[in-house]
Amino acid sequence: MTMLSKKVDFIATANENISIDTTGRTIVTNNINNNLSKIGKELNKSFQLVIMPTEKCNFRCTYCYEDFVAGRMEPETITAIKKLLKQRVIDLETLKISWFGGEPLLAKNIVLEISEYAKNLAFQYSQVVYLGDMTTNGYLLDYETADNLANVGVRRYQISLDGPREIHNKSRLRADRKGTFDRIWANLLAIRNSSLPVSILLRIHFSADTFQLLDPLIEDLKKEFLPDPRFLFLFKSIGRWGGANDNDINVLSLKKKEQAIQLLQTKLFGENLDSSQNLSKEPDNFVCYASRSNSLVIRSNGDVAKCTVALYDDRNKVATLQPDGTIELIPGRLAPWLRGMETLDFDTLGCPLVKLPS
Ligand code: SF4
């Protein structure tokens, strides 16, 4: 984000100079660096809700950090989200709803209901551009589902593959331990064969054990999906993300990770590394959604969080969504996540969870 591009020296503490009101609007209480009010005003033009309609999952990926305890979102929370959107949409320029889980497509009817509501709001308030996206494991994303979702504005997806069939099926398993590759691949081909107005980011995972075994997948990606500009590609190394099997994950050093990504990109794109389909290079000034005051995660139980990784860290429960659609902050919990907006330090903005003050 260009407005955050000027780095100033500032002690990295959480001073509550910036917060949100009950509708999620950024409020600056102390304009400490002359930029904060400007940043707050800019951020109030857009609003992102990351919604987890269920935290159950039909997969049990070996590196997953989720506990799958919380189930489907209750009707009361769905109604509260709609009320929040209705209050917030009035002066927005952009409304982004990002679906996350567990597996969001296990609660497809909730996704469709809220998305349709958001689409209608954007129709009513014509100044708003509404965008819908989803992080899904892809197993339930058949053509009909993708079509129905596209009709309510969900048009961007992120889907992970862990390698060619034999490799993928060792780590991205169904809850009953069966493999998932063939069905995901068939869904991807069906979308490719359609004219649906969607874009799909294929996130290709690798680890120290698998990065030299991805060639058959890369060849298939080249043949089936690279010619279609709706498909984008990101190589990502599997990490110890807090799951039960963390100790079994063979993590690459930062240098080896970078070398592996360079090699894998070259295998897929050849000399065309600057392709707009190549998303493996993170921009230098990457700002995580959790650093921004205008981005909130609504969990299936109505808790409001900042980050989709630290789900079981109390510091990440910053508020609760009330039945009337208002956000009730838990004192002291939001400010640490927003400290990067005050300091403009790129490491903090890139991941506020690192060194998060208690
Ligand atoms: S699909 Fe996602 S939420 Fe489900 S088990 Fe795999 S990593 Fe976890």
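Residues are numbered from 1 along each chain as its sequence is written, and side-chain values use heavy atoms, with hydrogens and water left out.

**Exercise 1.** State the mean pLDDT of the protein.

Solution. Recall that pLDDT is the predictor's confidence in each residue, from 0 to 100. The mean is 92, and 94% of the residues reach 70 or more. Over residues 1-13, however, pLDDT stays under 50. Where pLDDT is low, the predicted coordinates should not be read in detail.

**Exercise 2.** Identify the residues that surround the ligand.

Solution. A residue counts as near a molecule if one of its heavy atoms lies within 4 Å of it. The ligand's surroundings are C57, F59, R60, C61, C64, E66, F68, N137 and R172.

**Exercise 3.** Determine whether N278 is buried or exposed.

Solution. First, buried means under 20% relative accessible area and exposed over 50%, with partly exposed in between (1.4 Å probe, protein chains only). Because its relative accessible area is 9%, N278 is buried. Next, contact means heavy atoms within 4.5 Å. Neighbours within four places in sequence aside, N278 is in contact with F233, Q265, F269 and L273.

**Exercise 4.** Find how many residues of strand 3 are buried.

Solution. Strands (E, at least two residues) are DSSP runs, numbered from the N terminus. Strand 3 covers residues 46-51, and five of its six residues are buried.

Conventions. This is a predicted model: local features need pLDDT of at least 70, side-chain atom pairs count only at pLDDT 80 or more; totals for chains, interfaces and linings use all residues. Helices (H or I, at least four residues) and strands (E, at least two) are DSSP runs, numbered from the N terminus.
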